[in-house]
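Subject: A structure for you to look at

Hello,

I am passing on a structure that may be new to you. Please open it first, and then read my notes below alongside it.

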Amino acid sequence: MEQSPFRQVPESDWIVSNRSGFAVFDAFPVSPGHALVIPFRQISTWWEAEGVEQADLMALVGDLKQFLDERYQPDGFNVGFNAGTAAGQTIDHLHVHVIPRYVGDIPDPRGGIRNVFPGRGNYLEKHEEGQVEVVRPTFLDGGS
């Protein structure tokens, strides 16, 4: 595994930290306050993290949210990670994106993270036939 650029981040740049990781502002933010939660251990994906690491990283997400609420007063958040190159992961070191969202930052935020596929975010709108096969859970149709 190639040396992670996150290992070069000085402790003075950390926003919050705990025994398993730390948070820093994203070098290429998509919104004011966009930050990353990064484990100390260089692992590729969430599923390689041990249970205690996963718990600690989620605790950092909570600590980071509190910091971002105080500093930026966002109206909402998107939280997630890219796992694998097919999902857009470009750095082979797990990092959880915490992205503050603001009313009006995009015209229609419905669908949130679903917008990773352009035009597929708003599941309330009808889509043209043949785009992508969508399997609806039966509970959405009133089934069991």
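A word on terms before we begin: helices (H or I, at least four residues) and strands (E, at least two) are DSSP runs, numbered from the N terminus. What you have is a predicted model, in which local features need pLDDT of at least 70 and side-chain atom pairs count only at pLDDT 80 or more, while totals for chains, interfaces and linings use all residues. Residues are numbered from 1 along each chain as its sequence is written, and side-chain values use heavy atoms, with hydrogens and water left out.

**The overall picture**

The protein has five strands and one helix, arranged along the sequence as β-β-β-α-β-β. Of its 144 residues, 33% are buried, where buried means under 20% relative accessible area, exposed means over 50%, and partly exposed is in between (1.4 Å probe, protein chains only). The accessible surface is about 9500 Å², and carbon and sulfur atoms account for 55% of that; these areas come from the Shrake-Rupley method with a 1.4 Å probe.

**The cores**

In soluble globular proteins, nonpolar side chains tend to be buried together. I counted as a nonpolar core a set of buried Ala, Val, Leu, Ile, Met, Phe, Trp, Tyr and Cys residues joined through side-chain atoms within 4.5 Å. The largest one here has 16 residues, and V16, V37, L57, L64 and V98 have the most contacts inside it. Two or more residues each come from β3 (35–39), α1 (51–72) and β5, with α1 giving the largest share, five residues. Apart from its neighbours within four places in sequence, L64 touches I15, V16, A23, A35, V37 and V98, a contact being heavy atoms within 4.5 Å. There is also a second, separate core of five residues, among them F6, F22, V24 and L36.

N78 lies in β4. The C-alpha atoms of N78 and V98 are 6.1 Å apart, although the two residues are 20 apart in sequence. Leaving out neighbours within four places in sequence, N78 is in contact with H97, V98, I99, R101, G112 and I113.

Q73 sits in the loop between α1 and β4, and has a phi near 50°, a positive value in a residue other than glycine. Most residues other than glycine have a negative phi. Q73 is exposed, at 51% relative accessible area. V103, in the segment after β5, is exposed too, at 73%. Its C-alpha atom is 6.2 Å from that of D75, 28 residues away along the chain.

**The largest pocket**

How big is the largest pocket, by volume? About 860 Å³. On a 1 Å grid over the protein atoms alone, a pocket is an open set of points where a 1.4 Å probe fits, with protein on both sides within 12 Å along at least five of seven lines; lining residues have an atom within 4 Å of a point. Grid points are joined across faces, edges and corners, and the volume is the space filled by probe spheres set on the points. Of the 35 lining residues, V30, H34, N82, H97 and I99 are the closest to the centre. The strands β2 (21–25), β4 (76–80) and β5 (96–101) each supply at least two residues of the lining.

Happy browsing!
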